[in-house]
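Thanks for making the time this morning.

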Amino acid sequence: MRHIEIAKVGYEYAGTAGPVTALREVTVDVATSEFLCLVGRSGCGKTTLLNLVAGFLSPTRGEIRISGRIVTGHGLDRGVVFQDFAQLFPWRTAQRNVEFGLEMRGAGAAERTETARRFLRLVDLERFAGAYPHELSGGMQQRVAIARALAYNPAVLLMDEPFAALDALTRDEMQRLLVDVWAETRKTVLYVTHNVAEAVYLADRVIVLSPHPGTVVADVRVALPRPRDPLSLAFLEYQRTIVGHLGGRG
Amino acid sequence: MRRSGVRTVVGALVAFGVVALGWEVFARSGSLPPAITPPVEAIAAALARMIGDGTLFVHVGYTLGRIAAGLGLAALAGVPLGMLMGRFRPVERFVLPLVSVLSPIPSLAWVPLFILWFGLGNTASVALVFYAALFPLILNTWTGVCSVNRLWIRAAESMGARSGAIFRHVVLPGALPFVIAGLRQAFARGWIAVVGGEMIAATRWGLGWVIFDSKEFLNTDVMLGSLAVIGLLGLGVERLVFAALERRTVERWGLVRRTSA
C-alpha cells in the first residue's frame with residue numbers, strides 16, 4: 001500500500017542570481033512500513049525533499065500525499081528527527097522532551113508519563129529519564145529525539161542525517177538500534193543520508209538523487225535479510241551499485 | 001572549585017584590608033581635618049549606632065522596597081514589551097527608535113522633572129528605578145526572543161504545537177537566559193538610580209537620603225558607613241537573588257556556564 005506519494009514535485013527558491021531549481025520532477029512512492037533512504041551528494045536537494053514531506057516547505061510544482069491526503073503543513077501524522085543535537089529542548093528533561101508531542105495533543109499526565117517511559121525504554125534510555133539534554137552524550141540525545149518523534153505515534157518518521165554528527169562506533173550502534181525500533185514500531189521511514197553504507201544497512205529501498213537540479217537517478221531495492229552484515233559480499237555489491245549511480249567515488 | 005573559591009575570598013579580604021589600612025594611615029596623618037576623614041573605627045561605630053537604634057534597617061528597607069517596586073514594575077512592562085517586539089515587526093519598528101533615544105539618558109537627569117511630576121517621596125524614586133531598569137529589560141528580552149533556536153521551533157511545530165503553545169513552551173524558556181541577563185543589568189542600573197534619586201527626591205528615609213542628610217552635620221562616618229552598606233547590599237542581592245535564579249534555570253539546563261563566584 002502506498003503511504004507517501006511524491007508526485008512530479010518541483011521546488012524553486014529565489015537565489016541571489018535569480019530563481020534556483022532545487023528539485024525537478026521528483027516522483028517517489030513509499031509503501032506503508034517501508035524504510036526508504038534518500039542518498040545524494042550535498043546540494044542534491046535531499047533535505048529539501050524531506051522538508052517538503054515534513055511540511056516545512058511547500059512544493060512549487062506537483063504534490064505530496066500522505067495516506068491519500070495532500071500535505072499542506074506539518075502534522076501529527078509525521079515525526080521529525082534532525083541532525084543537530086540542539087533539537088531537544090534544553091529546559092526539559094529527557095522524559096519531558098519525549099512528552100512534548102503528547103502534551104500538545106492534550107494527553108493526560110498519567111498517559112504522558114507512561115508513554116514517554118515506554119519510548120525511552122525502546123531507545124534504551126529509561127535510566128536517563130530525569131537527565132537534562134546537556135548531561136547526555138550526542139548519541140543519547142539523538143536517541144531521545146527519536147523517542148520524542150515516536151511518542152505521539154505518527155505513522156511516518158522523517159529523519160535528516162540523524163547520526164551524521166556522531167563518531168563511527170556510536171553511529172554503528174545507533175543504526176542497529178534504529179533497525180530494532182523500526183522492526184518493533186513498523187513506521188514508514190524516510191531517511192536522508194549521504195552515507196552509502198548507512199543507506200544499504202538501513203533501507204528497504206534506496207533512492208539516489210543527483211544535484212543541479214535534484215532529480216531521481218536510481219531506485220535500488222536492497223533485498224538483504226536483516227540483521228545485515230556490512231562486510232558481506234552482497235552488502236558491498238549494493239554499495240558499489242549505489243556509488244555507481246552517484247557518479248563517482250561517492 | 002572549592003579551593004579556588006577559598007582563594008578568591010582570601011584575596012578579597014586582603015584587598016579590602018590593604019585599602020582599609022591605607023585609609024587609616026591617611027585619616028590619621030592629619031593631612032585633612034579629622035572631621036571629614038574619619039578613621040575606620042569611627043565608621044564602624046557609626047554603623048553600630050545605626051544598627052543599635054534600628055534606623056539602618058529602616059533606611060535599607062526603604063531603599064530595597066523602592067528598587068523592588070521599580071524593578072518589578074519595569075519587568076512587568078519591559079519583558080512583555082520585549083517579547084512583543086521580538087514577535088511582531090510593527091511593534092519592533094515602533095518601539096525600537098523610542099528605546100534607542102530614551103535609553104542613553106541617565107536616569108538621574110530626570111530627577112528634577114520627576115520631583116515636579118510626582119513630588120518628593122517614594123513615587124519619584126520608584127519612577128526613577130522604573131526608568132533605569134526598563135530599557136535593559138526591553139532590549140535583552142527582545143534579543144532573547146530573536147535568538148531562540150529555529151530548530152526548537154521547527155521541532156515543536158512538527159509535534160503539533162500551535163503558535164500560542166510555541167510561545168509558551170519554546171520562546172519563553174528559550175529567551176530566559178537573556179531575560180535574566182536583562183534583570184541583572186536592570187538591577188545594577190536601578191540600584192544606582194535609587195540611591196541617586198533618594199539623595200534629592202526622598203524624605204527622611206533611604207540610604208541615599210541618609211548620605212545626603214549627613215552632609216548638613218558633617219557626619220562623614222555615617223556617610224562612609226552607608227556607602228559600605230550600599231556596596232555590600234548591591235553585591236548581596238546580585239549574588240543571592242540573581243545567581244540563585246541562574247543556578248535553578250539556565251545553568252541547570254546547560255544554557256550558560258557557571259560563572260566563578
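Where in chain A is the place of His212(A)? Before I answer, please keep in mind that what you see is a predicted model. His212(A) sits in the loop that runs between strand 9 and strand 10 of chain A, and at 70% relative accessibility it counts as exposed, because the cut-off for that class is over 50%.

As background, most residues other than glycine have a negative phi, and most peptide bonds are trans. His212(A) has a phi near 55°, a positive value in a residue other than glycine, and the peptide bond that leads from His212(A) to Pro213(A) is cis, with omega near -15°. Pro213(A) belongs to the loop between strand 9, residues 205-210, and strand 10, residues 215-221.

A further cis peptide bond goes from Arg226(A) to Pro227(A), with omega near -5°, and here Pro227(A) is found in the loop between strand 10 and helix 7 of chain A, the helix covering 233-246. Arg186(A) also has a positive phi, near 55°, and is found in the loop between helix 5 (168-185) and strand 8 (188-193) of chain A; with a relative accessibility of 44%, Arg186(A) counts as partly exposed.

Let me turn to the strands. In chain A, strand 1 (residues 2-15) and strand 4 (residues 61-66) run antiparallel and are joined by five bridges, and Glu5(A) stands opposite Arg65(A) of strand 4. Strand 4 also pairs in the antiparallel sense with strand 5 (residues 69-70), over two bridges, with Ile66(A) opposite Arg69(A) of strand 5. Strands 4 and 5 of chain A form a hairpin with two residues between them, and in that turn Ser67(A) has a positive phi of about 50°.

That brings me to chain B. Helix 4, residues 89-102, has 14 residues and reaches 20 Å from its first C-alpha to its last, close to the 20 Å expected at 1.5 Å a residue.

Finally, which residues make the nonpolar surface patch of about 340 Å²? They are Val6(B), Val10(B), Val14(B) and Val18(B). Val6(B) is found in helix 1 (residues 2-28) of chain B, and is partly exposed, with a relative accessible area of 48%.

Methods
Residues are numbered from 1 along each chain as its sequence is written. Chains are lettered from A and ligands numbered from 1 in the order in which they are written. This is a predicted model: local features need pLDDT of at least 70, side-chain atom pairs count only at pLDDT 80 or more; totals for chains, interfaces and linings use all residues. Side-chain values use heavy atoms; hydrogens and water are left out. Patches are made of residues with over 30% relative accessible area and no salt bridge: like charges are joined within 9 Å, nonpolar side chains (Val, Leu, Ile, Met, Phe, Trp, Tyr) within 5 Å. Accessible areas come from the Shrake-Rupley method with a 1.4 Å probe; for residues, only the protein chains shown count as cover. A salt bridge is a side-chain nitrogen of Lys or Arg within 4 Å of a carboxyl oxygen of Asp or Glu. Helices (H or I, at least four residues) and strands (E, at least two) are DSSP runs, numbered from the N terminus. Buried means under 20% relative accessible area, exposed over 50%, partly exposed in between (1.4 Å probe, protein chains only). Two strands pair if DSSP finds at least two bridges between them. The expected span of a helix is 1.5 Å times one less than its number of residues.
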